[in-house]
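Subject: Structure for your files

Hello,

Please find the structure below. My notes on what was found in it follow.

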Amino acid sequence: MATSSLAYASSSLVLSSYSEITSSLSFLKSEPVFSSYPLLSKKNGIIRKTWIQNSCSITRQGKNSSKLLPFVVSAVAETDAELAVEDVDEDEDAEGTPKAAVTLPPSKPKKGKAALPLKRDRTRSKRFLEIQKLRDDKKEYDLPTAISLLKQMAKTKYVETAEAHFRLNIDPKYNDQQLRATVSLPKGTGQTVKIAVLTQGEKVDEAKSAGADIVGGEDLIQQIKEGFMEFDKLIASPDMMPKVASLGKILGPRGLMPNPKAGTVTADIPQAISEFKKGKVEFRADKTGIVHIPFGKADFSEEDLLVNLLATVKSVEVNKPPGAKGVYWKSAFVCSSMGPSLRLNIREMLDFKLKSA
């Protein structure tokens, strides 16, 4: 006969023999008693509940508690008999012959990308998986080696952008830990920047002569409200800002709203146009404290990319928020637009100096 574990649901006691049942009934002396009792039997993870009916009431002194024993023992015998029958049914089929063990067919070996150990690599392109072999994802590279590998891994049909990604120990939800600034890349960005200027009066002619692609006042504001967005940077003179405020919901989500911290609100419009044309880049920390900065094109020479990267590092270091405490730099990576990232050695990055300097 199969053995079973029995328990009173109200007391959470596990009973496996008659002696344990009789000794465990002592708890009834200090507990309120009812006319029916839940009896739980458990085997192989399956729990069954049986209700024991008792016609007599048991007092706190336990005078009539012995009358409960026949019902409990009877329930134990019935439960054991049921479990024994179930064991026979599990081991034998309807004809009384033992069941054969069920064996699962071996799974087919995975092939191709499905066999890759890392889940993220299973969705990568063949080009990416091939160039990924050129780097060690756990190694920290020095700047010249990282720039050299970045150029080798830029293998798409178009010219990729070189990007720097810095994780900083800041929390931008606090005002004193927000980072927003600009950096002038000495070797340029490699991109053609289309600049629009919002100004009025004599400064209209100054902006046109400085090389602005689009110049206007209230008429340009109205065009932007109607959906005109064919520019990369929008520069405004201070006297136009009250009128530009109405464009906040349109320009804000696109990162085109003029801002003094970004250098796009200035009285010296010709100088601002010249800086952005030559390679001035605006950057800011996102909500997770990461800064993303493009610092050139993959077809730049290694020396030019190195000069631009050092300029971005210096700008992030100089514009450190006053509320940032502890270790400022947590990690630094460089990559091409469609290539894998390369981890940089932060200490070597901050101490690196060009040989020509």
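This is a predicted model: local features need pLDDT of at least 70, side-chain atom pairs count only at pLDDT 80 or more; totals for chains, interfaces and linings use all residues.

Val193 counts as buried, because its relative accessibility is 16% (buried means under 20% relative accessible area, exposed over 50%, and partly exposed in between, with a 1.4 Å probe and protein chains only). Val193 sits in the loop that runs between strand 6 (180–184) and strand 7 (195–198); helices (H or I, at least four residues) and strands (E, at least two) are DSSP runs, numbered from the N terminus. Leaving out residues up to four places away in sequence, Val193 touches Asp213, Asp232, Lys233, Phe276 and Lys277, where contact means heavy atoms within 4.5 Å.

Residues are numbered from 1 along each chain as its sequence is written, and side-chain values use heavy atoms, with hydrogens and water left out.

The chain as a whole

The protein chain has eleven helices and 13 strands. Of its 357 residues, 38% count as buried. Among the contacts in the chain with a separation of 6 or more, 64% are accounted for by residues 24 or more positions apart.

Two other positions

Val215 is found in strand 8 (residues 214–216). With a relative accessible area of 19%, Val215 is buried. Not counting residues up to four places away in sequence, Val215 touches Val197, Thr199, Val204, Ala207 and Lys208.

Asp286 belongs to the loop between strand 10 (280–284) and strand 11 (290–297). Asp286 counts as partly exposed, because its relative accessibility is 26%. Apart from neighbours within four places in sequence, Asp286 is in contact with Pro172 and His292. Asp286 and Arg180 are 106 residues apart along the chain, and their C-alpha atoms are separated by 9.6 Å.

Helix packing

Helix 5 (residues 203–210) and helix 9 (residues 269–278) have axes that come within 9 Å and cross at roughly 25 degrees. Axes here are lines fitted to C-alpha atoms, for helices over the stretch in contact, and angles run from 0 to 180 degrees between N-to-C directions. Helix 5 and helix 9 are therefore roughly parallel to each other (angles under 35 degrees count as roughly parallel, over 145 as roughly antiparallel, 65 to 115 as roughly perpendicular and the rest as oblique). Helix 5 passes helix 9 in a right-handed crossing; a crossing is right-handed if the near helix is turned clockwise from the far one by less than a right angle, and left-handed if anticlockwise. On the helix 5 side the contact is made by Lys203, Glu206, Ala207 and Ala210, and on the helix 9 side by Ile269, Pro270 and Ile273.

Helix 4 (residues 143–153) packs against helix 10 (residues 302–318) at an angle of about 120 degrees, with the axes 10 Å apart. These two helices are therefore oblique to each other. This crossing, too, is right-handed. Leu143, Ile147, Ser148 and Lys151 of helix 4 meet Glu302, Leu305, Leu306, Leu309 and Leu310 of helix 10.

Aromatic rings

A search of the whole structure finds three aromatic pairs. Rings of Phe, Tyr and Trp (its six-membered ring) pair if their centres lie within 6.5 Å; planes under 30 degrees apart count as stacked, over 60 as edge-to-face and the rest as tilted. Phe228 and Phe231 form a tilted pair, at 6.3 Å centre to centre and 45 degrees between the planes. Phe228 is partly exposed at 22% relative accessibility, whereas Phe231 is buried at 5%.

Tyr328 and Trp329 form an edge-to-face pair, with 5.8 Å centre to centre and 75 degrees between the planes. Tyr328 is buried at 6% relative accessibility, and Trp329 is buried with a relative accessible area of 7%. Ring pairs link Phe166, Tyr328 and Trp329 into a cluster.

Lys280 lies over the face of Phe276, at 5.4 Å from the ring centre (a charge sits over a ring if NZ of Lys or CZ of Arg is within 6 Å of the ring centre and within 35 degrees of the ring normal). Phe276 is also one of the residues that Val193 touches.

Regards
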